[in-house]
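Visitor: I've got a few minutes and a structure to look at. Can you walk me through some of it?
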Amino acid sequence: MSVGKLQASKNGKSKTLADSGKRQAAYLFMVLPGVLFLLAFAYLPMPGIILAFKKYQMAVPTASSFFKNVFLNSLVTSEWNGLNNFTYLLKDAPMLIRNTVGYNLLFMVVGVVLQVGLAVLINEVRNRKTAKVYHTILFMPYFISWIVVMYALYAMIAANGFFNQINAMLGKNAVKFYSVKKYWPWIFLCANIWKYTGQGSIIYLATLTGFDEQLYEAGAIDGASKWQQFKYITLPQLMPVIVMLQILAVGRIFNGDFDMFYSLPNGSGTLRQVTSTIDTYVYDMLKKGNLRNSFGYAGAGAFFQSVVGFALILITNGIVRKHHPEMALF
Amino acid sequence: MTAVDVKKLKKAEKESARHSAARNQISRGANFWFNILLIVACILIIFPLWIIIISSITSESALTTYGYRLWPLEFSTNAYTYLFKDGSVILTAYRNTLIATVAGTVITIITVGLYAYALSRPDFKYKKFFTFFSFFTMLFSGGMVSYYNMARSVLGLKDTVWALFLPMSFSAYWVIIMRTFYKSSVPEAIIESARIDGCGEWRTLLQIVAPLALPGFATVALFSAIGVWNDFRNCLLLNDSAQYFNLQYTIYQTMNNLRFLKENASRMGGVNVANLPAETFRMAMAVVTVGPIILAYPFFQKYFVKGLTVGAVKG
């Protein structure tokens, strides 16, 4: 660096202030495109949440209306409907909440056990090269869309699908999977495990490999078996990551995996009792369009998801922060 | 030290590392069972995809008569021939998906790259505000109904190719990933010295920071590309006419919709609907939808792994 430049940079306070002002302007310019995207797709829909308390009535804007857009105008001019939309929602609520929360809890519990288990398995396998191959294969389903999974499922459980071929070989009657409710919780569970176990294990695996090897060696010298090492060394160290991921999962407990619940049952109406979640309910309501205030009912479902989900994440995080501040998300 | 010496030394180091590790490895028996377990898991992962691929290259009559099997009883590529006939809906869907994937990825790199860079700078005065501004969207949303109406009518995305990528072009999650990449792969001293040499913020970012953070850009770009390629919900919500459908939504519709095939058949001209490869045709659609991903994925796996582990670091 030349002496002249060094002197120039030390050349009085006004110069650095101007520099800093320019820099701040540059930074602000950099966040601008992102801010526009967030405003358009995340913040703009937020006020629309008042739909939950409106009796939605389509109102074409006139010359005197403030909003020239049909939806915005209708949103503003529609009457308030108190809690009536929620009362309507209550009719189906027990079934919807049971399905949404039930499936999510099931996926969370089974998911953690299998993902941590898989991470440990891959970490312990002696041949590192084969371990890598296993990992590549097991991670793959994460990148396959639910729609393709829907096709794969169809190929397996359709009337002439693979399972029924086996059934036929064994001399049994074909099973009609698409019209019998009792199979579906298991199908969803299997599909969820298939798609997310490999992906979920990655975070645990990365954390595992970062652990201090000396701890394990000390443990081994003291005579700890592999299982004891897992229980007393691995698991406690993994805990912060597990807790953090579960906080996020709790926040989404009323938001099912829409694509999965919507696509896998293949539009079978008889399965509705076990395949409807709040998400699919909101979508079904939405599709009824402007008729009979269905936007209002759908809005009530969406409000419930957003607000209760938000509250849940704050509460869980608060509880975790109180007891283990280092594990809290924020 | 000669090259040979270095090689020997490295080998010795490796050997000793292996020995010290050997003391604390699982037993041979356990290793055997762990491998068996993992192999079974891998077979279960591949199996459903295998069935799709095999049935897509089976002749329609064999599939109707014998059902879905592990091996094609009668080999046929008819389904693929029909798939790529001129005017086929799948070609339109492929085109839309490709446009959306490329455009979406480019926009993501630019917007996320810039936003995350500003947040990674310690001297950005409004860092806290803009961090919160993006993080908040991960916690709270306006819900599907409001989004549906705003995007369709207020933003005017209904029945456009834009609908297939714009809503997915920016995400707070990627901002966190990218910011971590900047912080960990670009030393503060380099930025500082560039500044003293009279380099402006934009030039620093483009010529000095960006090349260093290339793996970060690759990670975000790949996640974005996969997200757009696999998107189903935005197309379902925002697009109503077939000329703007993407792959996922098109094959979703085809699943229950034999009418679609018949319409397509008449457009192909003089094809007997009874001979149309209905089920194998569907499976071939699934194969061409998932094919590019399965083929490309192993090459990019390390970026995906990186993206997922980096994202887990507290923001």
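Predicted model: local features only at pLDDT ≥ 70, side-chain atom pairs only at ≥ 80, totals over all residues.

Visitor: Is Phe245(B) buried or exposed?
Guide: Count the C-beta atoms around Phe245(B): 24 others lie within 10 Å. The cut-off for burial is 20 or more, so Phe245(B) counts as buried.

Visitor: Which residues does Phe245(B) touch, leaving out those up to four places away in sequence?
Guide: Pro167(B) is 78 residues away in sequence and 15 Å away in space, C-alpha to C-alpha. The contacts of Phe245(B) are another list: Ala93(B), Asn96(B), Cys235(B), Asn239(B) and Thr250(B).

Visitor: How far apart are the centres of domain 1 and domain 2 of chain B?
Guide: The domain assignment puts domain 1 at 25–82 and domain 2 at 87–256. Taken over C-alpha atoms, their centres are separated by 35 Å.

Visitor: Over in chain A, what is the orientation of H9(A) relative to H11(A)?
Guide: The axes of H9 (residues 184–209) and H11 (residues 226–251) of chain A come within 10 Å and cross at roughly 125°. That angle makes the pair oblique. As for handedness, the crossing is right-handed.

Visitor: How many charged residues are in the contact of H9(A) with H11(A)?
Guide: From H9(A) come Ile203(A), Tyr204(A), Thr207(A) and Leu208(A), meeting Thr234(A), Leu238(A) and Val241(A) of H11(A). Sorting the residues of this contact gives five nonpolar, two polar and, for charged, none.

Notes
Residues numbered from 1 in each chain as written. Chains lettered and ligands numbered in written order. Domains from an automatic or database assignment. Buried ≥ 20, exposed ≤ 12 C-beta atoms within 10 Å, placed from the backbone. Contact = placed C-beta atoms within 7 Å. Axes fitted to C-alpha atoms, helices over the stretch in contact; angles between N-to-C directions. Helix = DSSP H or I, 4+ residues; strand = E, 2+ residues; numbered from the N terminus. Parallel < 35°, antiparallel > 145°, perpendicular 65-115°, else oblique. Left-handed = near helix turned anticlockwise from the far one by under 90°. Nonpolar A, V, L, I, M, F, W, Y, C, P; charged D, E, K, R; others polar.
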